[in-house]
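This briefing concerns the overall build of one protein model and the setting of one of its elements. Please consult the sequence and the 3D structure below alongside the points that follow.

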Amino acid sequence: MNIQTPVASERTTGRYHQKREAILNAATQLFDEYGIKGTMLSEVANKVGLSTNSITYYFKKKEDLVFECLMHTINTIGAITERAAAGPTPAERVRLFVCAFVDMLAECHAGRHPAIMSFRDVGELDASYTKVIFASYREMFRRVRNLLVEGELQTGNRMALTTRTHLLLTLTQWSRFWLAGFSLNSYPRIADHMVDIILNGLSGSGSRWGKNAVDRQLASLKIPDAPNQGFLAAAINLINEVGYDGASIDRISARMSVTKGSFYHHIPSKEDLFAECIRRTTSVVDTMQNLALQCDSNGFEKLSALSRALVDFHFSPRGPLLRVSAWSELSNYSHFHDRVQPLREFTQNVTDIFAIGMIDGSLRPTHQQVAALMVVGMITGATTLDKWVPGAEKTNTTEIYLRPFFEGICCPI
(Lines give C-alpha, C1' and ligand atoms only; values in the text may rest on other atoms or scores of the structure.)
Protein backbone atom coordinates (compact mmCIF):
# COMPACT_ATOMS: atom_id res chain seq x y z
CA MET A 1 0.00 0.00 0.00
CA ASN A 2 1.35 3.40 -0.93
CA ILE A 3 1.69 5.90 1.88
CA GLN A 4 0.49 9.34 0.85
CA THR A 5 2.03 12.55 2.13
CA PRO A 6 -0.33 14.02 4.74
CA VAL A 7 -2.40 16.96 3.58
CA ALA A 8 -2.00 20.35 5.26
CA SER A 9 -5.05 19.84 7.50
CA GLU A 10 -3.63 16.60 8.88
CA ARG A 11 -0.33 18.31 9.70
CA THR A 12 -2.10 20.66 12.11
CA THR A 13 -3.63 17.95 14.28
CA GLY A 14 -2.29 17.32 17.77
CA ARG A 15 -1.93 13.60 17.09
CA TYR A 16 0.18 14.20 14.00
CA HIS A 17 2.40 16.66 15.86
CA GLN A 18 2.77 14.31 18.83
CA LYS A 19 3.78 11.35 16.66
CA ARG A 20 6.19 13.49 14.63
CA GLU A 21 7.88 14.68 17.83
CA ALA A 22 8.16 11.09 19.05
CA ILE A 23 9.88 10.13 15.78
CA LEU A 24 12.27 13.09 16.03
CA ASN A 25 13.10 12.19 19.62
CA ALA A 26 13.78 8.53 18.84
CA ALA A 27 15.76 9.33 15.69
CA THR A 28 17.90 11.94 17.44
CA GLN A 29 18.87 9.47 20.14
CA LEU A 30 19.78 6.79 17.58
CA PHE A 31 21.68 9.17 15.28
CA ASP A 32 23.56 10.50 18.28
CA GLU A 33 24.47 7.06 19.57
CA TYR A 34 25.24 5.21 16.34
CA GLY A 35 25.79 7.98 13.80
CA ILE A 36 23.88 8.74 10.62
CA LYS A 37 25.42 5.85 8.68
CA GLY A 38 24.90 3.42 11.55
CA THR A 39 21.17 4.08 11.95
CA MET A 40 18.40 2.70 9.74
CA LEU A 41 14.86 4.00 9.40
CA SER A 42 13.60 0.59 10.47
CA GLU A 43 15.34 1.06 13.84
CA VAL A 44 13.69 4.45 14.29
CA ALA A 45 10.31 2.93 13.37
CA ASN A 46 10.78 0.07 15.82
CA LYS A 47 11.62 2.50 18.62
CA VAL A 48 8.30 4.33 18.21
CA GLY A 49 6.17 1.29 17.36
CA LEU A 50 5.62 2.08 13.67
CA SER A 51 6.39 0.35 10.39
CA THR A 52 9.16 1.76 8.22
CA ASN A 53 6.59 2.80 5.62
CA SER A 54 4.71 4.72 8.29
CA ILE A 55 7.82 6.79 9.02
CA THR A 56 7.76 8.03 5.41
CA TYR A 57 4.31 9.44 6.12
CA TYR A 58 6.11 12.04 8.24
CA PHE A 59 9.58 12.13 6.61
CA LYS A 60 10.05 11.03 3.01
CA LYS A 61 13.58 9.72 3.52
CA LYS A 62 16.21 9.34 6.21
CA GLU A 63 18.09 12.47 5.11
CA ASP A 64 14.96 14.55 5.72
CA LEU A 65 14.70 13.12 9.21
CA VAL A 66 18.40 13.78 9.96
CA PHE A 67 17.98 17.34 8.70
CA GLU A 68 15.02 17.96 11.00
CA CYS A 69 16.87 16.49 13.99
CA LEU A 70 19.88 18.73 13.39
CA MET A 71 17.76 21.82 12.83
CA HIS A 72 15.83 21.04 16.03
CA THR A 73 19.17 20.92 17.89
CA ILE A 74 20.34 24.22 16.40
CA ASN A 75 17.02 25.91 17.15
CA THR A 76 16.99 24.59 20.71
CA ILE A 77 20.50 25.92 21.43
CA GLY A 78 19.55 29.15 19.67
CA ALA A 79 16.55 29.64 21.95
CA ILE A 80 18.72 29.03 25.02
CA THR A 81 21.25 31.54 23.71
CA GLU A 82 18.56 34.16 23.17
CA ARG A 83 17.46 33.88 26.79
CA ALA A 84 21.06 33.98 28.05
CA ALA A 85 21.80 37.11 26.02
CA ALA A 86 19.72 39.11 28.50
CA GLY A 87 22.55 38.85 31.05
CA PRO A 88 24.42 42.12 31.68
CA THR A 89 27.95 40.63 31.64
CA PRO A 90 29.73 37.75 29.87
CA ALA A 91 29.94 35.82 33.16
CA GLU A 92 26.23 36.21 33.83
CA ARG A 93 25.37 35.26 30.24
CA VAL A 94 27.51 32.12 30.49
CA ARG A 95 25.79 31.22 33.77
CA LEU A 96 22.35 31.66 32.21
CA PHE A 97 23.38 29.64 29.14
CA VAL A 98 24.77 26.66 31.07
CA CYS A 99 21.88 26.53 33.55
CA ALA A 100 19.28 26.75 30.76
CA PHE A 101 21.13 24.06 28.80
CA VAL A 102 21.12 21.68 31.76
CA ASP A 103 17.45 22.47 32.44
CA MET A 104 16.71 21.52 28.82
CA LEU A 105 18.65 18.26 29.23
CA ALA A 106 16.60 17.47 32.33
CA GLU A 107 13.45 17.92 30.25
CA CYS A 108 14.93 15.66 27.55
CA HIS A 109 15.93 12.93 30.00
CA ALA A 110 12.50 13.13 31.64
CA GLY A 111 10.86 12.67 28.23
CA ARG A 112 9.25 16.10 28.17
CA HIS A 113 11.43 17.61 25.43
CA PRO A 114 12.79 16.05 22.21
CA ALA A 115 16.44 15.05 22.50
CA ILE A 116 19.24 16.97 20.81
CA MET A 117 22.23 15.50 18.99
CA SER A 118 25.85 16.18 18.09
CA PHE A 119 27.01 17.63 14.77
CA ARG A 120 29.94 15.25 14.35
CA ASP A 121 28.84 13.66 11.05
CA VAL A 122 26.71 16.41 9.54
CA GLY A 123 29.03 16.23 6.52
CA GLU A 124 27.45 12.89 5.66
CA LEU A 125 24.41 14.69 4.24
CA ASP A 126 23.97 15.93 0.70
CA ALA A 127 25.07 19.51 -0.01
CA SER A 128 21.45 20.60 -0.40
CA TYR A 129 21.00 19.86 3.32
CA THR A 130 24.40 20.92 4.64
CA LYS A 131 24.17 24.33 3.01
CA VAL A 132 21.17 25.16 5.20
CA ILE A 133 22.50 23.39 8.29
CA PHE A 134 25.93 25.04 8.22
CA ALA A 135 24.41 28.47 7.63
CA SER A 136 22.09 27.96 10.60
CA TYR A 137 24.90 26.54 12.75
CA ARG A 138 27.21 29.48 11.96
CA GLU A 139 24.49 31.92 12.97
CA MET A 140 23.82 30.01 16.19
CA PHE A 141 27.58 29.82 16.91
CA ARG A 142 27.95 33.57 16.29
CA ARG A 143 25.17 34.28 18.81
CA VAL A 144 26.79 32.01 21.41
CA ARG A 145 30.10 33.80 20.81
CA ASN A 146 28.39 37.13 21.45
CA LEU A 147 27.64 35.89 24.97
CA LEU A 148 31.39 36.06 25.66
CA VAL A 149 32.04 39.41 24.02
CA GLU A 150 32.62 42.42 26.23
CA GLY A 151 32.97 45.48 24.07
CA GLU A 152 33.66 45.10 20.37
CA LEU A 153 34.58 41.91 18.55
CA GLN A 154 37.85 42.77 16.86
CA THR A 155 40.39 41.03 14.65
CA GLY A 156 42.74 40.74 17.59
CA ASN A 157 40.32 38.80 19.78
CA ARG A 158 38.17 37.01 17.21
CA MET A 159 40.11 33.73 17.13
CA ALA A 160 40.41 33.59 20.92
CA LEU A 161 36.69 34.22 21.41
CA THR A 162 35.77 31.76 18.66
CA THR A 163 37.90 29.09 20.32
CA ARG A 164 36.33 29.80 23.72
CA THR A 165 32.91 29.49 22.10
CA HIS A 166 33.90 26.02 20.85
CA LEU A 167 35.02 25.19 24.39
CA LEU A 168 31.70 26.34 25.88
CA LEU A 169 29.63 24.40 23.35
CA THR A 170 31.86 21.34 23.77
CA LEU A 171 31.49 21.29 27.55
CA THR A 172 27.72 21.70 27.43
CA GLN A 173 27.18 19.25 24.57
CA TRP A 174 29.49 16.70 26.25
CA SER A 175 27.35 16.87 29.39
CA ARG A 176 24.56 15.14 27.42
CA PHE A 177 26.49 11.89 27.77
CA TRP A 178 27.50 11.95 31.41
CA LEU A 179 24.61 13.79 33.08
CA ALA A 180 22.41 10.72 32.55
CA GLY A 181 24.50 9.06 35.27
CA PHE A 182 23.10 11.48 37.86
CA SER A 183 19.58 11.75 39.24
CA LEU A 184 17.30 14.36 37.66
CA ASN A 185 16.92 16.02 41.06
CA SER A 186 20.66 16.73 41.13
CA TYR A 187 20.79 18.48 37.73
CA PRO A 188 20.44 22.03 39.14
CA ARG A 189 23.32 21.38 41.57
CA ILE A 190 25.43 19.86 38.80
CA ALA A 191 24.73 22.94 36.66
CA ASP A 192 26.03 25.13 39.51
CA HIS A 193 29.25 23.09 39.66
CA MET A 194 29.65 23.34 35.88
CA VAL A 195 29.15 27.11 35.95
CA ASP A 196 31.68 27.45 38.78
CA ILE A 197 34.32 25.48 36.85
CA ILE A 198 33.66 27.18 33.50
CA LEU A 199 33.77 30.69 34.98
CA ASN A 200 36.41 30.30 37.69
CA GLY A 201 38.66 27.63 36.23
CA LEU A 202 40.59 25.14 38.30
CA SER A 203 43.62 27.05 39.59
CA GLY A 204 44.08 26.99 43.35
CA SER A 205 45.81 29.62 45.42
CA GLY A 206 49.30 30.28 44.09
CA SER A 207 48.88 28.13 40.95
CA ARG A 208 49.89 29.81 37.72
CA TRP A 209 49.29 28.73 34.13
CA GLY A 210 52.50 27.87 32.31
CA LYS A 211 54.87 25.02 31.59
CA ASN A 212 56.50 23.31 34.55
CA ALA A 213 58.71 20.35 35.42
CA VAL A 214 55.97 17.86 34.51
CA ASP A 215 55.81 19.32 30.97
CA ARG A 216 59.54 18.71 30.58
CA GLN A 217 59.26 15.13 31.76
CA LEU A 218 56.30 14.45 29.45
CA ALA A 219 58.19 16.01 26.53
CA SER A 220 61.09 13.61 27.16
CA LEU A 221 58.88 10.53 26.86
CA LYS A 222 59.98 8.13 24.14
CA ILE A 223 56.66 7.02 22.68
CA PRO A 224 57.34 4.54 19.83
CA ASP A 225 56.01 5.37 16.40
CA ALA A 226 52.93 3.36 15.50
CA PRO A 227 53.04 0.69 12.79
CA ASN A 228 51.05 1.79 9.73
CA GLN A 229 51.03 5.36 11.06
CA GLY A 230 49.68 6.76 7.79
CA PHE A 231 46.65 4.46 7.83
CA LEU A 232 46.06 5.13 11.52
CA ALA A 233 46.23 8.91 11.08
CA ALA A 234 43.79 8.86 8.16
CA ALA A 235 41.41 6.55 10.00
CA ILE A 236 41.49 8.48 13.29
CA ASN A 237 40.93 11.81 11.54
CA LEU A 238 37.95 10.37 9.66
CA ILE A 239 36.46 8.67 12.72
CA ASN A 240 36.84 11.92 14.68
CA GLU A 241 34.87 13.66 11.94
CA VAL A 242 32.12 11.18 11.03
CA GLY A 243 32.19 8.40 13.62
CA TYR A 244 33.08 4.73 13.24
CA ASP A 245 30.25 3.77 10.91
CA GLY A 246 30.88 6.73 8.61
CA ALA A 247 34.58 5.93 8.26
CA SER A 248 34.44 3.38 5.46
CA ILE A 249 37.43 1.61 3.94
CA ASP A 250 36.75 3.43 0.66
CA ARG A 251 36.98 6.81 2.36
CA ILE A 252 40.06 5.91 4.38
CA SER A 253 41.77 4.59 1.24
CA ALA A 254 40.83 7.76 -0.66
CA ARG A 255 42.43 9.91 2.03
CA MET A 256 45.57 7.84 1.75
CA SER A 257 45.42 7.92 -2.08
CA VAL A 258 45.75 4.14 -2.16
CA THR A 259 43.56 1.35 -3.49
CA LYS A 260 41.44 -0.86 -1.27
CA GLY A 261 43.72 -3.71 -2.25
CA SER A 262 46.70 -1.82 -0.90
CA PHE A 263 44.77 -1.10 2.29
CA TYR A 264 44.00 -4.78 2.88
CA HIS A 265 47.63 -5.61 2.21
CA HIS A 266 48.54 -3.65 5.34
CA ILE A 267 45.38 -3.99 7.48
CA PRO A 268 43.19 -7.16 7.46
CA SER A 269 39.88 -5.40 8.17
CA LYS A 270 38.24 -2.19 9.32
CA GLU A 271 37.72 -3.73 12.77
CA ASP A 272 41.45 -4.44 13.02
CA LEU A 273 42.25 -0.88 11.96
CA PHE A 274 39.90 0.58 14.55
CA ALA A 275 41.39 -1.69 17.20
CA GLU A 276 44.80 -0.27 16.25
CA CYS A 277 43.41 3.27 16.53
CA ILE A 278 42.16 2.49 20.03
CA ARG A 279 45.41 0.76 20.98
CA ARG A 280 47.49 3.71 19.78
CA THR A 281 45.39 6.32 21.60
CA THR A 282 45.15 4.38 24.86
CA SER A 283 48.89 3.71 24.75
CA VAL A 284 49.66 7.42 24.45
CA VAL A 285 47.09 8.45 27.07
CA ASP A 286 48.14 5.72 29.53
CA THR A 287 51.84 6.48 29.15
CA MET A 288 51.35 10.20 29.69
CA GLN A 289 48.89 9.99 32.56
CA ASN A 290 50.94 7.36 34.40
CA LEU A 291 54.03 9.56 34.22
CA ALA A 292 52.06 12.63 35.31
CA LEU A 293 50.67 10.73 38.30
CA GLN A 294 54.16 9.60 39.32
CA CYS A 295 55.80 13.02 39.04
CA ASP A 296 56.75 14.75 42.28
CA SER A 297 54.56 17.80 41.60
CA ASN A 298 51.28 19.23 42.78
CA GLY A 299 47.90 18.36 41.27
CA PHE A 300 47.56 21.55 39.21
CA GLU A 301 50.97 21.01 37.58
CA LYS A 302 50.15 17.37 36.83
CA LEU A 303 46.75 18.12 35.31
CA SER A 304 47.72 21.20 33.29
CA ALA A 305 50.87 19.55 31.93
CA LEU A 306 48.98 16.35 31.03
CA SER A 307 46.32 18.39 29.20
CA ARG A 308 48.95 20.36 27.27
CA ALA A 309 50.86 17.20 26.36
CA LEU A 310 47.79 15.38 25.02
CA VAL A 311 46.57 18.36 22.95
CA ASP A 312 50.07 19.06 21.62
CA PHE A 313 50.51 15.39 20.69
CA HIS A 314 47.17 15.34 18.88
CA PHE A 315 48.18 18.21 16.59
CA SER A 316 51.78 17.03 16.14
CA PRO A 317 53.01 14.94 13.18
CA ARG A 318 52.82 11.90 15.48
CA GLY A 319 49.09 12.43 16.10
CA PRO A 320 46.16 12.49 15.94
CA LEU A 321 44.42 10.93 18.93
CA LEU A 322 41.06 9.23 18.70
CA ARG A 323 38.20 11.13 20.29
CA VAL A 324 37.69 9.84 23.83
CA SER A 325 33.95 9.61 23.09
CA ALA A 326 34.34 7.50 19.94
CA TRP A 327 33.91 4.21 21.82
CA SER A 328 30.37 5.17 22.87
CA GLU A 329 29.25 5.43 19.22
CA LEU A 330 30.03 1.84 18.23
CA SER A 331 27.14 -0.17 16.84
CA ASN A 332 29.19 -3.30 17.65
CA TYR A 333 30.33 -2.04 21.06
CA SER A 334 30.57 -5.53 22.56
CA HIS A 335 33.24 -6.49 20.01
CA PHE A 336 35.51 -3.69 21.24
CA HIS A 337 34.52 -3.54 24.92
CA ASP A 338 37.77 -4.92 26.33
CA ARG A 339 39.87 -2.66 24.13
CA VAL A 340 38.07 0.57 24.97
CA GLN A 341 37.89 0.04 28.72
CA PRO A 342 41.18 1.96 29.29
CA LEU A 343 39.54 5.10 27.91
CA ARG A 344 36.99 4.96 30.72
CA GLU A 345 39.84 4.69 33.20
CA PHE A 346 41.14 8.05 31.98
CA THR A 347 38.28 9.78 33.81
CA GLN A 348 39.10 7.95 37.04
CA ASN A 349 42.79 8.88 36.81
CA VAL A 350 41.88 12.52 36.24
CA THR A 351 39.63 12.30 39.31
CA ASP A 352 42.63 11.00 41.27
CA ILE A 353 44.66 14.02 40.14
CA PHE A 354 41.87 16.29 41.34
CA ALA A 355 42.00 14.60 44.75
CA ILE A 356 45.76 15.22 44.90
CA GLY A 357 45.38 18.84 43.85
CA MET A 358 42.58 19.63 46.26
CA ILE A 359 44.53 18.10 49.15
CA ASP A 360 47.67 20.12 48.36
CA GLY A 361 45.64 23.26 47.55
CA SER A 362 46.88 23.70 43.97
CA LEU A 363 43.40 22.96 42.53
CA ARG A 364 40.27 24.77 43.69
CA PRO A 365 37.82 22.73 45.76
CA THR A 366 35.00 21.65 43.48
CA HIS A 367 32.98 18.57 42.55
CA GLN A 368 35.78 16.14 41.64
CA GLN A 369 33.71 13.83 39.45
CA VAL A 370 32.09 16.66 37.51
CA ALA A 371 35.44 18.40 37.07
CA ALA A 372 37.08 15.20 35.81
CA LEU A 373 34.26 14.59 33.33
CA MET A 374 34.63 18.16 32.09
CA VAL A 375 38.39 17.69 31.61
CA VAL A 376 37.68 14.63 29.45
CA GLY A 377 35.13 16.69 27.51
CA MET A 378 37.64 19.49 27.04
CA ILE A 379 40.24 17.04 25.66
CA THR A 380 37.58 15.54 23.38
CA GLY A 381 36.73 19.02 22.11
CA ALA A 382 40.37 19.65 21.25
CA THR A 383 40.36 16.71 18.83
CA THR A 384 37.70 18.42 16.69
CA LEU A 385 38.94 22.00 17.14
CA ASP A 386 40.37 22.19 13.62
CA LYS A 387 37.02 21.12 12.16
CA TRP A 388 34.83 23.69 13.90
CA VAL A 389 37.40 26.50 14.30
CA PRO A 390 39.58 26.24 11.16
CA GLY A 391 43.03 27.66 11.74
CA ALA A 392 42.92 27.38 15.53
CA GLU A 393 45.21 24.34 15.40
CA LYS A 394 47.88 26.50 13.72
CA THR A 395 47.95 28.93 16.64
CA ASN A 396 49.15 28.37 20.20
CA THR A 397 46.34 25.92 20.92
CA THR A 398 47.23 25.38 24.56
CA GLU A 399 47.09 29.14 25.16
CA ILE A 400 43.83 29.98 23.41
CA TYR A 401 41.93 26.75 24.18
CA LEU A 402 43.35 25.20 27.38
CA ARG A 403 44.20 28.30 29.42
CA PRO A 404 40.57 29.55 29.50
CA PHE A 405 39.52 26.17 30.87
CA PHE A 406 42.05 26.34 33.70
CA GLU A 407 41.75 30.08 34.44
CA GLY A 408 38.08 30.66 33.55
CA ILE A 409 36.44 31.19 30.21
CA CYS A 410 36.22 34.96 30.75
CA CYS A 411 39.88 35.36 31.71
CA PRO A 412 41.73 38.20 29.90
CA ILE A 413 42.67 37.48 26.28
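The protein has 19 helices and zero strands, where helices (H or I, at least four residues) and strands (E, at least two) are DSSP runs numbered from the N terminus. Its radius of gyration, taken over C-alpha atoms, is 22 Å, close to the 22 Å of the globule rule for 413 residues, so the protein is as compact as a globular protein of that length. That rule is 2.2 Å times the number of residues to the power 0.38.

This is a predicted model: local features need pLDDT of at least 70 and side-chain atom pairs count only at pLDDT 80 or more, while totals for chains, interfaces and linings use all residues. Residues are numbered from 1 along each chain as its sequence is written, and side-chain values use heavy atoms, leaving out hydrogens and water.

**Overall fold**
- Along the principal axes, the C-alpha atoms fill a box of roughly 70 × 60 × 40 Å.
- Of the 413 residues, 54% are buried (under 20% relative accessible area, 1.4 Å probe, protein chains only).
- Among contacts (heavy atoms within 4.5 Å) with a separation of 6 or more, 76% join residues 24 or more positions apart.

**Helix 3**
- In helix 3 (residues 41-48), the buried residues are Leu41, Val44, Ala45 and Val48.
- These residues lie on the same side of helix 3, because they cover an arc of only 100° around the axis, judged by the directions from the helix axis to the C-beta atoms.
- Their cover includes helix 2 (14-34), helix 4 (52-55) and helix 5 (62-84).
- Glycine 49 follows helix 3 and has a positive phi, near 75°.

Technical notes: Buried < 20%, exposed > 50% of the residue type's maximum accessible area, 1.4 Å probe, protein only.
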